[in-house]
Amino acid sequence: MSWQGRVLRVNLTRGDVTPEPLNMEWANDYIGERGLGTKYLWENMDPKVDAMSPDNVLIFATGPLTGTNASTSGRYAVLTKGPLTGAIACSNSGGKFGAELKYAGYDLLIVEGSSEKPVYLLIEGDEISLQSAEKIWGKTVWEADEWIKKQHHNPMLKIATIGVAGERGVRYAAIVNDLHRAAGRSGVGAVMGSKNLKAVAVRGSHGVQVKDPKRFMQVTNEMKNLLAQDAGGLAKYGTNAMMDTMQEFGALPTRNFQEVQFSGYDKVDARAMLKTDETGHRNLITNKACFGCTIACGRIAHIRKDHFTIQNRKEYWHASGGLEYETAFAFGPVIGVDDIDACTFAGYLMNEHGMDPISFGVTLAAAMELFEMGVITTDDTDGVPLNFGSAEALTVMSEKTGKQEGFGQVLGLGSRLMCQKYGHPELSMTVKGQEFAGYDSRALQGMGLGYATGNRGACHLKHDTFEVDMDDQSGEGKAEPCKTSQDWTAAVDSSGLCVFTLGAWGAPEFAAQLDADCEGEWTPERLLESGERIWNLERLFNLAAGLTCADDTLPERLLKDPVPSGTAKGRVNELGKMLPEYYSLRGWSEQGEPTPQTLTRLGLG
Amino acid sequence: MRVTGQLIDYFSGTHVNLDEGASVEQALVVLEIPAASVGLVSVNGDAVPREKRARHGLVAGDQMVVMAPLTGG
């Protein structure tokens, strides 16, 4: 019952908005959020279209648990064809926007076409309109957010918006909501920009109804207690607590994946964020929770006022979103930088201009390697030396890319196109054009398989092989946990809850919450089958878009260059052994295509 | 001795005194770190798989690292 039962279809070409009933048959098969959004995408567009054309469709999707009393229920996802990859893009976010969209009475928002002039969608209670965004086109995320709230005298609006990066087609532009949470990956912000849609601003006036309120309260309270016992220190240390583990393990990508351990890691890790320096400054101010979350892993930080990045820029003398593991990796080890204030500032800029920090950092890492090889020079880079370790290069290029100035326009292409442009595609640390997160897949074999087979390209959040990868550093036995966790994560991503609950909750815990929430019988088996269906539908989208099994691969560096240090010293990724077993377990042909029997079994035939 | 990630609340020093011939598993008991909370242990840079913790003996001067589980980020 926690589906609202309504979809809002926005046609920007015609300039109209039309509510329609939610297809409940699809909701029962695909749950919500990632799964249901994928189904609507599949049914509403041709996967072959250019990602930046008006024919691409952009979907904001909530899950049946979004906005409920369940912990971590602030999630929503954005789905589209991604400009970075040409594959399906599914990028989810926390904050408060997702719950607010649900309270507006909609499960999904489907955006079609392209507006002639810049607009934003305003939903205030039951009033829905497309408003001119000409006064905020060219403005940052933070400026647009403030302007819209003032324009409508409504500080309670929850806003998802793009910055200039999205307007100008940076291939990894993000959609940022609530100032510093983001649907960050795969360039969903660039698609929004191509449609001349600057923002979606929502203030809802409806609640959500669950199937069995008494049981729902009881179950969700039990789940919160479980989470509290197993939050894994996320509130205190945040996700960046992983950095020193990655360092010791020897899987911390360093200097564009040439190395796996970084001597300056302890200057940008969780302990560094908590350390008070000689002036009394501490990077971390506090933690912060998304809507309804009892984990609260978010970081709120600030930068030393005498740091070179903001010394004369008072507009940045405020607290804002701080480093999480992926941002710390992308602005630290992978480009060889150990300046925590520069990393924090670059993080601000990603939120302010609306960009994915992982893709930006790994693209900059490739540019630095090109620079140190002499392939590009300061003549190409606006006079800025792009040496590994340069905090100035990080912050200057973050801003140039966000504003699409000078060499920032090249960095905005992403690593794959940039490396092709300079004749060195082998330096691009990507799968399907999307940059790796902070895990080297020579030390973490299952991670490599998950990266290679990721439907949205390289991604660390669509499978969970961490435990088996730590237990055994060979490629043996990794296909099954990779496949199963991909299916399971697809189900979790479709529920409206956060994957950071997975340390405490398994399939029975998720099923219990959904079963108290939604009509129909929700069992762990049904959830897993739904996840497998979702994964296969994403695969069908990619195959229809023109991707093949040749795209399920890793860069040569990870397949041929032995890892130089750490606990996996000497290993390369064993993808060649793992991939055939994976295809077989999936019920796919040797060409990576679901067999007719698999499609029939999953109701996709 | 070193512990990583969220496990740092268990131990923030550099050295631990153990009985002669103590195993990795016994060292974890001394540190009061629940086995289920450990991602991986390395000794002198080499991984010690979970099933070998009880058999892997330590000698004076060994560098043992107790790594927290990875969770994605």
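Two strands count as paired if DSSP finds at least two bridges between them. Helices (H or I, at least four residues) and strands (E, at least two) are DSSP runs, numbered from the N terminus.

This is a predicted model, in which local features need pLDDT of at least 70 and side-chain atom pairs count only at pLDDT 80 or more, while totals for chains, interfaces and linings use all residues. Residues are numbered from 1 along each chain as its sequence is written, with chains lettered from A and ligands numbered from 1 in the order in which they are written.

**View 1. A four-stranded open sheet in chain B.** Read across the sheet and you get the order S1-S4-S2-S3, with mixed pairing. The edges are strand S1 (2–3) and strand S3 (46–48) of chain B, each of which pairs on one side only. Strand S2 (residues 40–43) of chain B runs antiparallel to S3(B), and three bridges join the two. Zoom in on B:Val41 and you'll find its bridge partner in S3(B), B:Val48.

**View 2. Helices from both chains on the chain B sheet.** From chain A comes H9(A), which packs on this sheet and touches S2 and strand S4 (64–67) of chain B. The direction of H9(A) makes about 135 degrees with that of S4(B); axes here are lines fitted to C-alpha atoms, for helices over the stretch in contact, and angles run from 0 to 180 degrees between N-to-C directions.

**View 3. Where chain A meets chain B.** Here 25 residues of chain A are in contact with 20 residues of chain B (contact means C-beta atoms, placed from the backbone, within 7 Å). On the chain A side, helix H9 (242–249), helix H11 (325–331) and helix H18 (466–471) each supply at least two residues. H9(A) gives the largest share of that side, five residues.

**View 4. A six-stranded open sheet in chain A.** The strand order is S8-S7-S12-S9-S10-S11, again with mixed pairing. Strand S8 (127–132) and strand S11 (181–183) of chain A are the edge strands. From one strand to the next, the twist averages 20 degrees. Inside the sheet, strand S9 (residues 158–161) and strand S10 (residues 175–177) of chain A pair in the antiparallel sense over two bridges. A:Thr161 has A:Val176 in S10(A) as its bridge partner.

Key
Two residues are in contact if their C-beta atoms, placed from the backbone, lie within 7 Å.
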